[in-house]
Structures are given as C-alpha cells and as structure tokens.
Amino acid sequence: MFKSSIAVAALALISQVAAHGYVPFVKIGSQVLPGWDVNTDGYTTPQPSRIVRATKPDSGFIADVNSGDITCSIGNSKLPPTEITATVAAGQTVTALWNTWPVGHYGPVLNYMARCPDSGCSKWKGDSGSPWFKIQQSVYENGQWASDTLAKKSDFSYAIRIPSNLKAGKYLLRHENLALHGATNIGGAQFYPVCIQLNVTGGGSFQPTGNLNFPGAYKATDPGIHFNPYQGEAANRAYVPPGGPVYAGLQ
Ligand SMILES: *[C@@H]1O[C@H](CO)[C@@H](O)[C@H](O)[C@H]1NC(C)=O
Ligand SMILES: [Cu+2]
C-alpha cells in the first residue's frame, strides 16, 4: 500500500512535469542534440553536462521577475559540471524542440543572447552586469499568439536565427516562453526560460555590449507582463513584449 501510493505520487509528479513543457532536444543543421530532459537528466547522478542549462526536476514556471531563476530557469545555480557548447555558424538557426506546450498558455516567445566570459559558459550564471541583448521575438501574428503557433503549427519547435554579423565566441542563448493566460493580475505571468550554451563560429565583428540583465530586465508591472490577453484581436496586436526591441545593429 505504502509503495503503491509512492508510485502514484511519482506518476502524478511526472505528469505534472510533462504538462508545461521543457526543451529535451535542440536541433542545429541536421544534428539533434540532447537538451535538458527534466524527467531523466534531473534524476541522474552525477549531473550530466548538457548544452541546455539544468532546470530542477520540475518544468514549472517562474512568477517572480526578481528571482535568480529568471536568468536561465529554475535552479540557475545548477551549472553544467564540465564546459559544453553546441557549435553553430553565425546566420544559422538553432531550433528549440519543446516536448510539449499547452495551447492557451498565450504569449510571446522571446530570445536573447549574452557573450560568455573567456573562461567559458559553464561556470557563468549570466546574472551580473547587463550582458543580455534581444535577438528575436515573436508576438501575436496572424490572429494567434506565438506560443500557440509553436504548439499548433510548429510541432512544439521554435527556430532562432543567430545574427550573421555576431562576433564568433561562446554565448548563452536565452529562449523564453512567456505565458500570459493569468497575467491580468500583477504577478500572474509565467516565465519559462531556457538557456542554450553555444559556440558561435564564422560571424562578423559585431560584439554587442548588451543592455539587459536577468534578473532586472523585467518588472512585474511592465505592460507586456501585466497584460490581459482576453481583450480581443486589436489589443493583442497592440501588445508590446517586455525586454525592449531587438538590439540595434544585429543582422
Ligand atoms: C569553437 O569554435 C572555434 C572556431 O571558431 C573552434 O576553434 C573552437 O575549438 C570551438 N570551441 C569549442 C569548445 O567547441
Ligand atoms: Cu501551465
């Protein structure tokens, strides 16, 4: 009896984990690389080194914009044990393959990068200074929120183009689903960021200094965070996401 109730509790936990979505795989060119699988990697000892930053055995959301978790997901203190990056040429695409995403968790998909220090990405939390710059965002287009497009039309995938003029080097790519279904109330928005560790090759000479910090870039009262997504088409089209515009000068 005791054993089976533990099994039931574990099953309930796993289905809860599966409900929101995470990024177990990343596709670059024709290669599909392991991301972070919360159902296996999170329970493996020693912790595996993955190109997607660990998230705690949980794919729950972050609600507090000032939490340290907002940088790279729940458990941002859990860095990869060894240095690891995925190589991608500037101008190429990195596709985040989510395991799932619930339709109706309306919101934008936001993508930022930050250059890692010379020591590499795996020892760096990305939570100090203002190293982040926005590279791409998808909002409300063709009558649909970007998150619904990801879920319905794109088979839970989202393609991020690495700017072609970006200077070669190691970067964190912060890819984020922002769910607004509860965002009519302050504190009701749900953030689902993941960080992907990249070695960008080729490229140009453009080295953004960055203008955003996580935590810090978002405020609970930002109009793109405290937002009612049930006001209809016109209001949704006028929605302005948090984090400002795409960084100037990227190609
Ligand atoms: C990153 O890419 C450069 C080429 O630009 C290569 O020389 C280097 O070995 C790569 N580093 C890693 C860790 O893959
Ligand atoms: Cu949810």
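**Reading the sheet and the ligand site**

Analyst: Happy to! β3 pairs with strand β11 (residues 190–203) in the parallel sense, over four bridges. Two strands pair if DSSP finds at least two bridges between them, and strands are DSSP runs (E, at least two residues) numbered from the N terminus. This is a predicted model, where local features need pLDDT of at least 70, side-chain atom pairs count only at pLDDT 80 or more, and totals for chains, interfaces and linings use all residues. Residues are numbered from 1 along each chain as its sequence is written, chains are lettered from A and ligands numbered from 1 in the order in which they are written, and side-chain values use heavy atoms, leaving out hydrogens and water.

User: Which residue is the bridge partner of Ala89 in β11?

Analyst: Thr201 is that partner.

User: What is the order of the strands in the open sheet?

Analyst: Five strands run β3-β11-β10-β5-β6, with mixed pairing. β3 (86–89) and β6 (132–138) each have a single partner strand, so one side of each lacks a neighbour in the sheet.

User: Which residues surround ligand 1?

Analyst: A residue is near a molecule if one of its heavy atoms lies within 4 Å of it. Here, Thr85, Lys170, Asn199 and Thr201 surround ligand 1. This shell has no nonpolar residues, three polar and one charged; Lys counts as charged, along with Asp, Glu and Arg.

User: How far is an oxygen atom of ligand 1 from an N or O atom in the side chain of Asn199?

Analyst: The distance is 2.4 Å.

Terms used: Polar contact = N/O pair within 3.5 Å; in protein donor to acceptor, adjacent residues only side chain to side chain.
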